[in-house]
Amino acid sequence: MNNTTAIHAGDQKKSDWGQSTVPVYQTVSYSYKTAKELEAVFSGRALGHIYSRISNPTTAVLERRLAGLEGAVGCIATASGMAAISAVVLGLLKSGDHIVASSGLFGGTISLFNDTCTRMGITTHYIDVADTDNFARALTPRTKLLFVETIGNPKMDVPDIPAVAELARQAGIPLVVDSTVTPPVTPRMKALGADILIHSTTKFINGHGTAMGGAILDTGRYDWANSSFETVKPFKQAGQLAFLAYLRNGSYRDLGGCAAPMNSFLMLQSLETLPLRMTQHLANARRLATFLRDAPEVDWVNYPGLPDSPFADRIDRLLDGQAGAILTFGLGSKERSFRFLDSVKLARNMTNLGDAKTLVIHPASTIFHEFDQEQQTQMGVAEDTIRVSVGLEDADDIVADFAQALALAVREAV
Ligand SMILES: Cc1ncc(COP(=O)(O)O)c(C=O)c1O
């Protein structure tokens with residue numbers, strides 16, 4: 001747990017008033033006394049903010065805090081998780097390049113890879129992360145990055161990150177890890193071997209459904225100076241910060257997915273309680289998963305923290321037994337699943353995850369509705385799948401709500 005870092009890191013305490021929170025610098029631009037000073041900032045010879053699409057003082061505190069929590073060399077905060085992924089992928093790859101990615105990724109990431117990236121000539125090969133050899137088999141001379149989620153949403157599959165990182169190292173390409181489902185309460189992704197970390201801060205980091213945001217972090221492991229990424233090379237004088245310097249002066253700036261200062265403030269506020277909240281999210285998820293496993297109405301449960309999950313060993317070995325707060329389960333048919341969703345009283349039927357409130361959704365008809373059945377199966381989505389983001393309510397109340405909704409879902413079916 002990293003409570004102190006979550007509350008204090010990155011705040012330079014430069015204050016005229018002794019305020020206890022980070023001020024919201026709700027400004028687009030920044031004035032300088034002399035033309036020479038502004039020239040120096042534009043050319044990178046002096047530090048300073050120019051325009052809030054590139055950087056902002058409130059967002060800079062958030063960036064330093066997230067970097068502190070992940071033990072990263074630096075961070076760029078973005079407008080959303082998708083803005084973070086787009087800036088990384090479109091910033092690094094060009095037509096003809098290739099990605100090897102987990103088949104269990106979030107649907108929006110798969111849409112980005114399949115639609116926007118394909119139109120730009122970037123192709124993606126999806127593999128089942130259960131067998132790490134699948135990564136090696138999918139690599140081609142054109143593969144420029146590997147992309148996984150720590151725990152796939154909603155497939156709930158867990159890649160063996162150290163083994164995948166070793167393959168990436170041998171191939172000389174970066175491993176990009178979307179760690180949205182496992183937010184940084186302890187800095188473990190760097191030690192496991194991630195080169196670039198992604199967060200949708202919209203989820204657990206914000207935790208209250210009040211602001212969209214994302215983050216790109218460089219763990220400092222990848223050797224940019226000796227890489228094949230021509231776009232990053234001009235920034236090699238920035239050393240380990242070369243990639244982030246390139247993004248800030250390249251795809252992040254050009255694509256325009258900057259974090260709004262007010263949203264950065266909300267993220268900073270939420271971060272203060274992230275470690276405490278995660279303890280409760282994790283305990284509630286485990287309790288609900290166990291209840292669903294034992295409930296006679298439930299056909300199947302997919303939670304990597306259950307002892308019979310094929311990923312239980314990786315959860316223990318890599319994630320200190322913390323299996324996240326997302327799970328899926330099925331009731332045997334879409335009709336029953338819909339009746340369950342119509343019957344919950346406490347849980348909310350909505351998209352999003354990582355909220356203080358427990359959220360439920362039918363992925364096949366919503367987040368994944370654009371994909372055909374074969375693609376959905378590959379992504380871990382069945383027609384009866386219900387995804388749950390387990391919230392912070394009292395565990396007894398969540399279980400009681402699910403119990404009454406399960407009884408109704410099954411009773412009305414006969
Ligand atoms: C694992 C994961 N990555 C990225 C995203 C995209 O984040 P955002 O909605 O903030 O763009 C999501 C959204 O659900 C997600 O679940």
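Domain bounds, as used here, come from an automatic or database domain assignment. In this predicted model, the protein chain is divided on that basis into domain 1, covering residues 3-270, and domain 2, covering residues 274-411. The C-alpha centres of domain 1 and domain 2 lie 28 Å apart.

**Contact between the domains**

- The contact between the two domains draws 31 residues from domain 1, while domain 2 supplies 33 residues.
- On the side of domain 1 that touches domain 2, the elements giving two or more residues are α1, which spans residues 3-8, and α5, which spans residues 107-119.
- The element that gives the most to this side of domain 1 is α5, with three residues.
- Sorted by class, the side of domain 1 that touches domain 2 is made up of 15 nonpolar residues, together with twelve polar and four charged residues.

**Packing of α12 against α16**

- Two packed helices are described by the angle between their axes and the distance between the axes.
- Helix α12, formed by residues 274-294, packs with helix α16, formed by residues 395-411, at an angle of about 30 degrees, and the axes of the two helices are 10 Å apart.
- Where α12 passes α16, the crossing is right-handed.
- From α12, the residues Ala283, Asn284, Arg287, Leu288 and Phe291 take part in the contact, and they meet Ala395, Ile398, Val399 and Phe402 of α16.
- By class, the contact of α12 with α16 comprises seven nonpolar residues, one polar residue and one charged residue.

Definitions and conventions:
Residues numbered from 1 in each chain as written. Predicted model: local features only at pLDDT ≥ 70, side-chain atom pairs only at ≥ 80, totals over all residues. Contact = placed C-beta atoms within 7 Å. Helix = DSSP H or I, 4+ residues; strand = E, 2+ residues; numbered from the N terminus. Nonpolar A, V, L, I, M, F, W, Y, C, P; charged D, E, K, R; others polar. Axes fitted to C-alpha atoms, helices over the stretch in contact; angles between N-to-C directions. Left-handed = near helix turned anticlockwise from the far one by under 90°.
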